Amino acid sequence: MEAELEYNSHVKAFREEEYPMLKDAIYLDHAGATLYSKSFMEKYMADMMGNLYGNPHSGSPSSQLSTDRVEDIRLKVLRFFKADPEYFDVVFVANATAGIKLVMDAFRGRDAGFNYKYHFTAHTSLVGVRENAVSSTCLDDKDVEDWLSGGLQEKNGRLNLFAYPAQSNLDGRRLPMSWARRAHNLDNTYSLLDASAFVSTSQLDLSEASEAPDFTVLSFYKIFGFPDLGALIVRKESGTILQERKYFGGGTVDVVLCIKEQWHAPKTQSLHDSLEDGTLAFHSIISLDAAIETQKKLYGSMDQIAKHTTQLAHRLYNGLASLKHSNSKPVCKLHSKVPSSGSKFPNQGPVVAFNLRNSHGAWISNTEFEKLAYVRNFHIRTGGLCNPGGIASSLNLQAWEMKRNFSAGFRCGVESDIFAGKPTGMIRASLGAMSTIGDVDAFISFIEEFYAEAETLTYASNDALPTEIQADMVVESLTIYPIKSCGGMSVPPKTPWEVRPEGLAWDREWCLIHQGTGQALSQKRYPRMAQIRPTLNFSKGAMEIHYTGKPLAGLPDKISVPLSANPNLFQEADATRFLSSRVCGDAIVTRTYADHAVNEFFSNILEVPCALARFPAGGSGLGLRHAKAHMQKHQRLKKESPSICPAPEGSPFTPPDSDSESQKRPILLSNESPILVINRSSIDTLNKEIKKSAGKPASATVFRANIVLASFNPSQPLQPYAEDHWSSIQIGKQKFEMLGSCRRCHMICVDQDTAEKDNEPFVTLAKTRRFDSKIFFGSHMCHIPLKGLTEASQYPTISVGDLVTAES
């Protein structure tokens with residue numbers, strides 16, 4: 001600790017002079033780029049003013065001076081990373097990404113191509129290599145260990161390239177350097193190490209050539225702040241593979257023939273001679289001389305920088321972890337590991353990645369945080385941080401969720417950064433050589449001042465339970481119908497299910513349309529649709545569809561379509577042959593799937609040419625529908641009704657009546673409203689009437705409701721048809737407005753298991769539930785968004801088993 005304070009005092013003593021740009025600013029984005037010192041820039045500019053440097057590709061004195069300086073600095077760079085020039089060469093490139101592309105270019109130039117494996121925490125630039133590989137695999141830690149131990153080996157004779165970061169640019173996690181050494185033991189396998197984040201504050205030690213990666217990429221601005229230059233450090237034993245690349249640029253060849261014959265002779269004096277295309281960024285390379293000298297003068301060594309920044313990261317991590325709201329809930333959700341201070345080889349770099357939550361557990365927008373940080377002059381990074389695998393893993397974002405977010409408008413840099421109750425990025429605070437204890441403490445104080453709530457805010461009205469209780473109820477079942485008019489999918493008990501403005505998540509987002517007319521198909525005409533059973537497999541990111549009817553020749557057991565609305569899945573719109581679809585009389589624009597096998601599956605079952613189409617949320621114009629449900633004219637709220645009473649044998653109550661609709665409510669492909677609810681007591685009463693005429697009792701499934709409510713106490717059933725007179729209900733923490741009774745047609749006569757038609761329950765309903773020549777059963781409703789920023793408002797959900805209260 002004493003040494004740490006000494007270093008901190010040392011930095012504070014020169015920081016104002018060496019880093020005047022830090023006046024009144026707290027810089028916490030060293031993982032993006034660290035800062036250049038005044039001494040460094042002055043030394044470099046003195047060099048530039050005192051010497052005449054020319055293009056190295058010439059024999060003039062100025063050119064030769066540039067060449068000599070570049071070669072001298074090439075050796076200094078290798079020594080800086082403890083790499084013996086006998087075993088290593090360094091190729092100067094624009095940045096680490098350019099180094100990656102240079103390696104990729106050589107591997108993809110091989111006739112047989114190459115296999116690519118990369119760790120899931122890889123930077124986007126490493127991930128992008130996969131598009132040029134014959135095969136690619138994203139590996140987690142266990143996969144890497146299995147592969148390096150001899151498993152998962154591909155027997156195709158192609159070269160293998162294995163890439164991973166020395167330190168994650170996302171959260172600072174460090175991966176084993178030994179992986180590169182172990183990869184040497186595998187046949188035809190090369191390793192590519194992204195050391196960009198690591199070298200910012202730690203010593204890259206390549207002194208053991210036999211254990212080093214074959215290719216190491218880095219950017220110098222991460223270490224010195226300047227120049228904007230990168231390097232590819234190559235183990236000479238592995239360098240011949242790079243010389244097999246197809247492309248050649250100026251300066252990398254000795255002879256080139258173009259007229260009458262096409263031939264060239266690459267330079268062979270050294271590895272870098274054949275790989276550094278065009279004129280080198282020689283002024284930038286020369287600046288490295290001053291950068292290395294100044295770094296040593298100010299900070300001593302990279303090891304001292306590593307110790308200092310590790311101590312600061314430890315302080316920052318503990319400080320953020322200690323912040324609590326007044327209700328003892330944590331302010332920060334930390335994604336980084338606690339830095340192991342005192343360890344010679346810490347497993348965590350000086351980076352703390354986190355998200356903020358309020359006292360109700362709701363996520364704080366990173367965009368809004370960044371705006372406030374900007375005003376208070378904190379320089380920090382937020383977002384996806386160019387690390388897709390790390391973000392997905394840390395934030396538990398499935399592939400289908402990320403694609404859904406993209407379809408809903410999410411892009412890198414947009415302000416909306418919370419979708420379906422999950423953030424799409426995080427906040428990253430990263431420390432550097434010139435960071436101080438004061439920077440860390442100031443940032444912790446900033447978070448505490450603006451985000452640690454001293455008093456838990458209470459949001460009014462719709463967070464509280466209704467005061468007028470109609471009945472004590474429970475959610476008996478939740479069902480969604482992903483494909484309109486096809487079979488339902490039961491939501492498992494205690495599974496939180498998202499409630500969206502359009503209804504329950506994934507409910508009636510797809511439909512089957514006639515390929516000739518564009519009309520949406522219905523069970524009324526095609527009862528077999530009841531036996532088409534879609535299920536959502538979130539682990540696979542797919543909707544899987546089974547047919548439960550009589551086996552059909554040639555029909556596959558199931559088909560699968562991605563949950564994401566990937567534009568590549570759909571037919572391209574042709575304006576000259578445009579045909580809109582129609583759902584319940586509404587003209588809409590759906591997106592029809594292009595896969596012939598998918599559409600043939602449904603066409604064979606229904607014996608009609610049809611196609612699967614999607615009507616995702618968030619549309620406009622013909623991509624938008626609104627609820628038609630409304631209370632009927634002579635509404636009568638039964639405030640005098642007792643909360644619980646035995647189910648009567650007599651006539652049912654009259655449904656409420658009104659023709660007005662106060663506001664437009666979005667729906668997808670449901671007939672009239674976002675959500676349909678029915679009452680178990682109403683079903684039981686109906687079935688008693690059906691049994692009197694020896695009819696077949698109706699299953700709740702024929703009404704195709706999303707929610708079935710039952711009495712919390714089975715010995716005290718709800719009043720049948722009480723739902724007619726509710727004005728609102730609350731399920732768990734979520735409140736819903738009743739929109740009126742559901743008008744019924746003869747589709748309720750289709751048995752949802754056998755697809756056979758019967759005359760019940762329609763006939764009995766016509767006798768007992770007909771009002772003004774219309775037949776009603778069940779009630780429409782919509783979600784009322786909660787007020788305030790809470791976990792329940794940010795991601796509203798309901799579950800089977802939730803308690804329910806009703807208000808008349």
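Reply: The protein chain has a mean pLDDT of 89, and 88% of its residues reach 70 or more; pLDDT is the predictor's confidence in each residue, from 0 to 100. This is a predicted model, in which local features need pLDDT of at least 70 and side-chain atom pairs count only at pLDDT 80 or more, while totals for chains, interfaces and linings use all residues. Residues are numbered from 1 along each chain as its sequence is written, and side-chain values use heavy atoms, with hydrogens and water left out.

Me: Where does pLDDT stay under 50?

Reply: One such stretch is residues 619–623, for which the model has six contacts beyond four places in sequence, a contact being heavy atoms within 4.5 Å. Residues 657–661 also have pLDDT below 50, and this stretch has 18 contacts in the model beyond near neighbours in sequence.

Me: OK, packing. Which residues touch the most other members of the largest nonpolar core?

Reply: Those are Phe-81, Phe-92, Phe-220, Phe-224 and Tyr-299, in a core of 62 residues. A nonpolar core here is a set of buried Ala, Val, Leu, Ile, Met, Phe, Trp, Tyr and Cys residues joined through side-chain atoms within 4.5 Å; buried means under 20% relative accessible area, exposed over 50%, and partly exposed in between, with a 1.4 Å probe and protein chains only. Helix α9 (residues 282–299) gives this core its largest share, nine residues; helices (H or I, at least four residues) and strands (E, at least two) are DSSP runs, numbered from the N terminus.

Me: And what does Phe-224 touch?

Reply: Leaving out residues up to four places away in sequence, Phe-224 touches Thr-34, Leu-35, Tyr-36, Phe-40, Phe-80, Leu-288, Ala-291, Ile-292 and Gln-295. A second, separate core of 55 residues includes Cys-486, Ile-545, Phe-602 and Val-800.

Me: Now charges. How many salt bridges does a search of the whole structure find?

Reply: The search finds 37, taking a salt bridge as a side-chain nitrogen of Lys or Arg within 4 Å of a carboxyl oxygen of Asp or Glu. In one of these, the side chains of Arg-69 and Asp-47 meet at 3.1 Å, N to O. That pair links distant parts of the chain, with Arg-69 in helix α3 (residues 61–80) and Asp-47 in helix α2 (residues 38–50), 22 residues apart. Both Arg-69 and Asp-47 are buried, and they belong to a network of salt bridges that also links Lys-43, Lys-76, Asp-289 and Glu-293.

Me: What about Arg-614, which residue does it form a salt bridge with?

Reply: Arg-614 pairs with Glu-509, their closest N and O atoms being 2.8 Å apart. This pair too links distant parts of the chain, with Arg-614 in strand β29 (residues 610–614) and Glu-509 in the loop between β21 (503–504) and β22 (510–514), 105 residues apart. Arg-614 is buried because its relative accessible area is 3%, and Glu-509 is buried at 4%.

Me: And Asp-507, which residue does its side chain meet?

Reply: The side chain of Asp-507 meets that of Arg-508 in a salt bridge of 2.9 Å, N to O. Asp-507 is buried, with a relative accessible area of 5%, and Arg-508 counts as buried at 10% relative accessibility.
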